[in-house]
Amino acid sequence: MAARRRMATGGGIGGGQPGVTGERKPAVVASLLVTNIGQLVTGDPRLPAPGVVEGAALAASGDRIAYAGPTSGLDVATGPDTIEVDAHGAAVIPGFVDAHTHLVWLGERSEEYALRAGGASYEEIAEKGGGIRSTVAATAAGTVEDLATAARERARRMLRLGTTTVEIKSGYGQSLEAELRQLRAARALGEQADLPDVVTTYLPLHGLPDGDRVEYLEGVLHEGLRAAAPLAGFVDCFCETGAWGVDECERLLVAAREHGLRAKVHADQRSHSGGSALAARVGAVSADHLDHADDEDLRALAVAGVAGVLLPGASMVLGGAPPPGRRLLEAGATVALATDCNPGTCWCESMPLMVALGVATAGLTPAEALTAATAGGAAALGLSDRGRLLPGLRCDALVLETPRWLDVGYHLGANPVAQVIAAGRLVRR
Ligand SMILES: [Zn+2]
């Protein structure tokens with residue numbers, strides 16, 4: 001027998017209109033109900049960022065949010081199957097959306113980490129046959145199961161740290177079949193209910209191939225895109241001096257449209273090489289890195305509606321220019337924060353750390369950084385169904401170990417996440 005939890009006394013956040021006494025329709029039976037939330041970070045754009053509601057409740061019906069707002073407005077029924085969570089005054093925030101990772105790789109590069117710390121540059125390491133080439137050699141030799149097994153451990157760590165949606169790129173295959181194996185491994189992770197939801201990106205233009213680059217590019221354009229399209233939502237390219245040029249990247253991104261693949265660009269990371277301008281010109285969903293983008297680039301991204309994805313972990317490890325968080329916001333662009341999780345420049349699964357670095361190095365306020373790690377990440381993946389805690393959206397939420405959402409960035413290097421709710425299910429207690 002379903003029991004009704006409190007009558008609605010007002011609209012609240014998404015509580016709907018106040019009911020007419022005596023004529024209320026039956027309340028939704030919640031499949032999951034979180035009560036006694038101290039601070040609920042909704043991301044509601046009608047409230048000051050990040051949209052905090054004090055003394056709140058969150059309810060899901062299936063994978064969707066049925067209610068998110070003040071306890072006084074809660075109007076859902078509970079039944080025998082309702083999972084009830086008492087937050088005991090802890091904060092609840094949206095699940096993190098990590099919009100840029102290279103999660104599927106084999107091999108490891110700890111020696112290179114030490115070399116770099118000793119002063120060797122990314123380019124010097126690459127010239128010695130290290131760097132991305134060593135990852136490509138190991139990854140291209142792996143089976144789909146090898147790749148999925150290695151990536152699964154990283155994805156589990158991500159979930160424990162609160163990531164409920166992760167984008168995963170290929171890019172370490174450099175032959176058509178090896179790239180497809182990476183995408184298949186990434187999709188296999190996404191089918192597992194206790195791991196983050198996965199969005200896949202085909203990244204054929206990453207490191208340079210061993211053979212002829214023109215031949216390789218033609219192969220990508222004429223075979224790769226068609227073969228990868230059923231396995232990926234996006235196409236991406238490393239537009240950089242010493243990697244792939246603007247013209248080559250533009251051919252890829254334009255050709256990809258016919259296959260339904262939306263564009264992303266690794267843009268202006270280590271030099272001002274034109275990637276941001278390209279992303280704006282082709283109407284990409286996101287331009288990522290941006291460490292060397294100038295103000296004109298950032299304005300162009302804003303005007304074109306391209307989200308800027310900042311990767312402050314990679315910026316910190318490489319020791320270059322800080323990511324332009326403040327300048328992006330001033331230009332009017334959407335900002336996302338992501339880990340760039342990869343074996344070379346940033347082996348990190350932690351979105352809480354990216355929030356901290358977004359504040360410490362990219363000029364963001366804590367509220368802007370948290371928004372960038374949630375709603376911003378969703379925007380950078382073209383997903384309008386997540387990243388905020390509002391009725392009707394996917395119920396991806398984190399019960400924190402602390403009553404203060406500010407602790408996400410303030411408590412440096414810690415994991416603030418106690419419980420993870422993904423698609424309305426409690427996947428980590
Ligand atoms: Zn990347």
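In which loop is the place of P50? P50 sits in the loop between β2 (28–41) and β3 (52–61), with strands (E, at least two residues) and helices (H or I, at least four) taken as DSSP runs and numbered from the N terminus. The bond that joins A49 to P50 is a cis peptide, with omega at about 5°. Most peptide bonds are trans, and most residues other than glycine have a negative phi.

A word on the model itself: it is a predicted one, where local features need pLDDT of at least 70 and side-chain atom pairs count only at pLDDT 80 or more, while totals for chains, interfaces and linings use all residues. Residues are numbered from 1 along each chain as its sequence is written, and side-chain values use heavy atoms, leaving out hydrogens and water.

Turning to the sheet, eight strands line up as β7-β8-β9-β10-β11-β12-β13-β14 in an open, parallel arrangement; two strands count as paired if DSSP finds at least two bridges between them. At the edges are β7 (96–98) and β14 (335–337), each pairing on one side only. From one strand to the next, the twist averages 25°. Angles here run from 0 to 180 degrees between N-to-C directions, using axes fitted to C-alpha atoms, for helices over the stretch in contact. Three bridges link β7 to β8 (residues 163–169) in the parallel sense, and V97 stands opposite T165 in β8. Helix α5 (residues 176–190) packs on the sheet and touches β8 and β9 (197–205), its direction making about 170° with that of β9. Contact here means heavy atoms within 4.5 Å.

Then there is the zinc ion. Its protein donors are H100, H102 and H266, each through NE2, at 2.0 to 2.1 Å. Donors are N, O and S atoms within 2.8 Å of the metal (3.2 Å for Na, K and Ca), and water is not among the atoms, so sites may look incomplete. Along the sequence, the donor residues follow the spacing H-x1-H-x163-H.

Two loop residues have positive phi values without being glycine. For Q174, phi is near 65°; this residue is found in the loop between β8 and α5. Q174 counts as buried because its relative accessibility is 15%. For D268, phi is near 50°, and D268 lies in the loop between β11 (262–267) and α8 (275–282). D268 has 0% relative accessibility, so it counts as buried.

Definitions and conventions:
Buried < 20%, exposed > 50% of the residue type's maximum accessible area, 1.4 Å probe, protein only.
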